[in-house]
Amino acid sequence: MSTTSPTTGRRKSSQAKIIVWVVLAAVVAAAVIAFLVARSNSTAAAPEDAGQVVRENSRVLSKAPDEQAVLVEFLDYECESCRAAYPFIEELRGEYADTVTFVHRYFPLPGHRNSMNAAVAVEAAAQQGAYEPMYQRMYETQTEWGESGEDKSAVFRGFAEDLGLDMAAFDAAVADPATQERVELDVADGQALGVGGTPTFYLDGEVLNPESLEGFRAEVEAAATD
């Protein structure tokens, strides 16, 4: 029968603890390195002028002939909150069509399986002058395809067919990496601005955080009548 002295037992226990801490340190170091690499790659992919609320190529939903204010929305077509805001924004468009320009910026969230596919499909339709009907179709049908784990690109292609688009041109635009890059430019701007969720609104370049729809309307009205 063998025996282990208290000193030997403490030494083994100490060695075991050292090994555990070394392993943990290695895991933490690896995680830090992975984070820094990912952040570096993300930063490298972003344009040098990232952080613009509106760009020359931003999708203008409606241009006010007597523009007094610009309302910009960063949106995700698979976002339920964006769909909930959709009728209210359309109502505001009707009320302030003459004085407020409404602009959309793509901001598909990574947690949504089809948000990027939807944005690419809308951008492809926009290249044929069909931005408005395509984005409206996305929100009107969101409950049918949203929150699905399956690729719904074929569904979005069906929307384009229903709108009577040139399908050869639509398919080419969807397949063209430049179309997704156009969407990702909006995402880069949003991230640089600090957009963390959708919908996020900017009124005349300043983030809009009203506590109610009445407050939202009041701020838009004030900007529209200045």
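The model is predicted, so local features are reported at pLDDT of at least 70 and side-chain atom pairs at pLDDT 80 or more, while totals for chains, interfaces and linings use all residues. Residues are numbered from 1 along each chain as its sequence is written, and side-chain values use heavy atoms, without hydrogens and water.

Helices (H or I, at least four residues) and strands (E, at least two) are DSSP runs numbered from the N terminus. Five strands form an open sheet with mixed pairing, in the order E1-E3-E2-E4-E5; two strands count as paired if DSSP finds at least two bridges between them. Strand E1 (59-62) and strand E5 (206-208) are at the edges and have a single partner strand each, so one side of each lacks a neighbour in the sheet. On average, neighbouring strands are turned by 30° against each other, direction ignored. Strands of a sheet pair through backbone hydrogen bonds, in either a parallel or an antiparallel manner. Strand E4 (residues 200-203) pairs with E5 in the antiparallel sense over three bridges, and Phe201 stands opposite Leu208 in E5.

Helix H8 (residues 177-193) lies across E1, strand E2 (69-75), strand E3 (100-106) and E4, and runs at about 100° to E3. Helix H9 (residues 213-224) lies across E2, E3, E4 and E5, at about 25° to E4. The axes are lines fitted to C-alpha atoms, for helices over the stretch in contact, and angles run from 0 to 180 degrees between N-to-C directions.

A search of the whole structure finds one cavity of 30 Å³ or more. A cavity is a set of points, on a 1 Å grid over the protein atoms alone, where a 1.4 Å probe fits but cannot get out, and lining residues have an atom within 4 Å of a point. The volume of the largest cavity is about 40 Å³, taken as the space filled by probe spheres set on grid points joined across faces, edges and corners. Its lining includes Glu73, Cys82, His104 and Tyr139. Helix H2 gives the most to this lining, with four residues.

The whole structure holds 15 salt bridges, each a side-chain nitrogen of Lys or Arg within 4 Å of a carboxyl oxygen of Asp or Glu. In one of them, Arg217 pairs with Glu91, the closest N and O atoms being 2.8 Å apart. Arg217 lies in helix H9 and Glu91 in helix H2, so the pair ties together parts 126 residues apart in sequence.

Two backbone features remain. A cis peptide bond joins Thr198 and Pro199, with omega about -5°; Pro199 lies in the loop between H8 and E4. Glu147 has a positive phi of about 60° although it is not a glycine.

Key: Contact = heavy atoms within 4.5 Å. 1 Å grid on protein atoms, 1.4 Å probe; cavity = no way out; pocket = protein on both sides within 12 Å on 5 of 7 lines; lining within 4 Å.
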